[in-house]
Amino acid sequence: IAAKYCVDSNKIYAAGLGNGGDFALRLGCESSRVKGVGSVLGTLAILPCEPTEPLPVWFSHDTQDESTGS
């Protein structure tokens, strides 16, 4: 995408829902290009997570969401 469009490499973020949230978190752990992560109903399934620099992360979970089984 960056080869075709003007991309600010300091503003690359990943976000997702459920497994997509897991994937976004994994990208944050494994890629120095990702500068922040948002995860809805996702959890970090890989350990340890050691990003190369501090990584802002936003989590959202809800006990009344029907998809959580609560």
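This report walks through a disulfide, a leucine, a lysine and a surface patch in a predicted model.

## Ground rules

Residues are numbered from 1 along each chain as its sequence is written. Since the model is predicted, local features need pLDDT of at least 70 and side-chain atom pairs count only at pLDDT 80 or more, while totals for chains, interfaces and linings use all residues; side-chain values use heavy atoms, with hydrogens and water left out.

## The disulfide

How many disulfides does a search of the whole structure find? It finds one, where a disulfide is a pair of cysteine sulfur atoms within 2.5 Å. Cys-29 and Cys-49 are the partners, with 1.8 Å from S to S. Their link is left-handed, at -105° about the S-S bond. Cys-29 lies in helix 1 and Cys-49 in the loop between strand 2 and strand 3, so the pair ties together parts that are 20 residues apart in sequence. (Helices, H or I with at least four residues, and strands, E with at least two, are DSSP runs numbered from the N terminus.)

So are these cysteines buried or exposed? Cys-29 counts as buried at 11% relative accessibility, but Cys-49 is partly exposed at 30%. Another cysteine, Cys-6, counts as exposed at 84%. The cut-offs go like this: buried is under 20% relative accessible area, exposed is over 50%, and partly exposed is in between (1.4 Å probe, protein chains only).

Leu-44 sits in the loop between strand 2 and strand 3 (57-60), and is partly exposed with a relative accessible area of 30%. Leaving aside residues up to four places away in sequence, Leu-44 touches both Cys-29 and Cys-49, plus Asp-22 and Leu-25. Contact here means heavy atoms within 4.5 Å. Leu-44 and Arg-26 are 18 residues apart in sequence, yet 7.2 Å apart in space, C-alpha to C-alpha.

## Lys-35 and its neighbours

Where is Lys-35? Look in the loop between helix 1 (19-30) and strand 2 (36-40). The side chain of Lys-35 reaches the backbone oxygen of Ser-32 at 3.1 Å. Not counting residues up to four places away in sequence, Lys-35 also touches several others, including Asn-10, Tyr-13, Glu-53 and Pro-56.

## Val-7

Val-7 lies in the segment before strand 1 (13-17). Val-7 is partly exposed, with a relative accessible area of 37%. Together with Ile-1 and Tyr-5, Val-7 makes a nonpolar surface patch of about 360 Å². Patches are made of residues with over 30% relative accessible area and no salt bridge, with like charges joined within 9 Å and nonpolar side chains (Val, Leu, Ile, Met, Phe, Trp, Tyr) within 5 Å. A salt bridge is a side-chain nitrogen of Lys or Arg within 4 Å of a carboxyl oxygen of Asp or Glu.

Terms used:
A polar contact is a pair of N or O atoms within 3.5 Å; within protein, one must be able to donate a hydrogen and the other to accept it, and residues adjacent in sequence count only if both atoms are side-chain atoms. Accessible areas come from the Shrake-Rupley method with a 1.4 Å probe; for residues, only the protein chains shown count as cover.
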